[in-house]
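Good morning, and thank you for coming. Please look at the sequence and the model on the screen while I take you through the fold.

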Amino acid sequence: MKRIKVGLAGFGRFSELVLINILTRSPWDLLAIADTSKARRNLARQLTKDVEILESYQELILQPNIEAVIISLPSNLHAEASILAFQHGKHVYLEKPIATNIVDAKCVIESWKGSKCAGMIGLNYRFHPLNQLAQKYFSQNKLEDVFHVTSSFSSPIRELPKWQHSRESGGGVLLHLATHHIDLIRFILGAEVRTVFSKISTQIYPGDTAWLQMTLDNNITTQSFFSHSAVREDVFHFYQKTGKLTIDRYHSLNLELTKPDIQPSRFPAIARYFKQLINSPVLRSKLSNPRREPSYKLAFDRFADAIKSRISPSPDLWDGYYSFLVVEAAEKSAQIGKVVNLEQWPSESTACQ
């Protein structure tokens, strides 16, 4: 089977711990890695063989034998790197966010549409087995009685890369974490965001904590908490008149369904746990490596399929644009202290230059 010749732009911690393990296996043929840091380039040499190590993503993109480019650079370089790749006929897998401002985001979309290449955004949690199950569950006529969603996505305090220390270079918890939950709410519930209200605060790094409230176009309301200065957590609660569905990415073994008539008791909880255990779609993954996130490989498998079949991947760059649009509206809401209507955001004058 013909392998896809790929280049990796950016060799930060994510590339080291996740991407290198994926791209050195079928269906990928990793030809080159680019990073401006000499230390990171030396590490890339140690971890790979027969891979060209370059100093700039521009040099990597210009390699004529590379078919696809994985862009895992600081966020403020996402737009210019992906636009350059599309201009040279490369398929692009772009880690979120799509850009750091709405004008650049629109330019990415225009460049992608003009290229006829595959363009996929790194909203990989769509492919987590539990999120896939939840999407199927609600699509089977079980959405009509959902009226509220709460979620939290947070991590413990840790040293962040310098580019994440400011919003201008792509930092902030809304860009880093909230983009995932905004996308998952759209994906799981099949609804778009109508209004946004947000508050942003600083615990350690600027904008490292945020609270986000949204109203969807089917009148479902949501409340979400995001922080880089709390605990390791990634949880959704979907409230229905007929009960509640919970997804805890770090701890759930299956969808957790709670009926309104269930009384708090230790024994029913134990029974529900064993039922999850028996039918778990993620048990093997958790046993083999408790810290392994299965959605990364599944997302890259989808990207490879899109390239080979010449079909549009999902989530594509439009999904990345929409998630970013909601983040920018949330930032505006936090600035003015008012609800922002997505139908009026951004202004018509905002266009790709």
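This is a predicted model: local features need pLDDT of at least 70, side-chain atom pairs count only at pLDDT 80 or more; totals for chains, interfaces and linings use all residues.

Strand 1, residues 4-9, and strand 4, residues 68-71, pair in the parallel sense over four bridges. By pairing I mean that DSSP finds at least two bridges between two strands. Strands here are DSSP runs of E with at least two residues, helices are runs of H or I with at least four residues, and both are numbered from the N terminus. Within this pair, A9 has I71 of strand 4 as its bridge partner.

Residues are numbered from 1 along each chain as its sequence is written, and side-chain values use heavy atoms, leaving out hydrogens and water.

Six strands make up an open sheet, in the order 3-2-1-4-5-6, with parallel pairing. At its edges are strand 3 (52-54) and strand 6 (119-121), each of which pairs on one side only. From one strand to the next, the twist averages 20°.

Which strands does helix 4 lie across? Helix 4, residues 78-87, lies across strand 4, strand 5 (91-94) and strand 6, and runs at about 165° to strand 5. Contact means heavy atoms within 4.5 Å. Axes are lines fitted to C-alpha atoms, for helices over the stretch in contact, and angles run from 0 to 180 degrees between N-to-C directions.

I turn next to the loops, beginning with the cis peptide bonds. One joins S26 and P27, with omega about 10°; P27 sits in the loop between helix 1 (13-23) and strand 2 (28-34). Another runs from K96 to P97, with omega near 0°, and P97 belongs to the loop between strand 5 and helix 5 (102-115).

Finally, consider two residues with positive phi. D50, although not a glycine, has a phi of about 60°, and is located in the loop between helix 2 (38-47) and strand 3. D50 is exposed, at a relative accessible area of 75%. The terms are buried for under 20% relative accessible area, exposed for over 50%, and partly exposed in between, using a 1.4 Å probe and protein chains only. K116 is likewise not a glycine and has a positive phi of about 60°. Its place is the loop between helix 5 and strand 6, and K116 counts as exposed at 78% relative accessibility.
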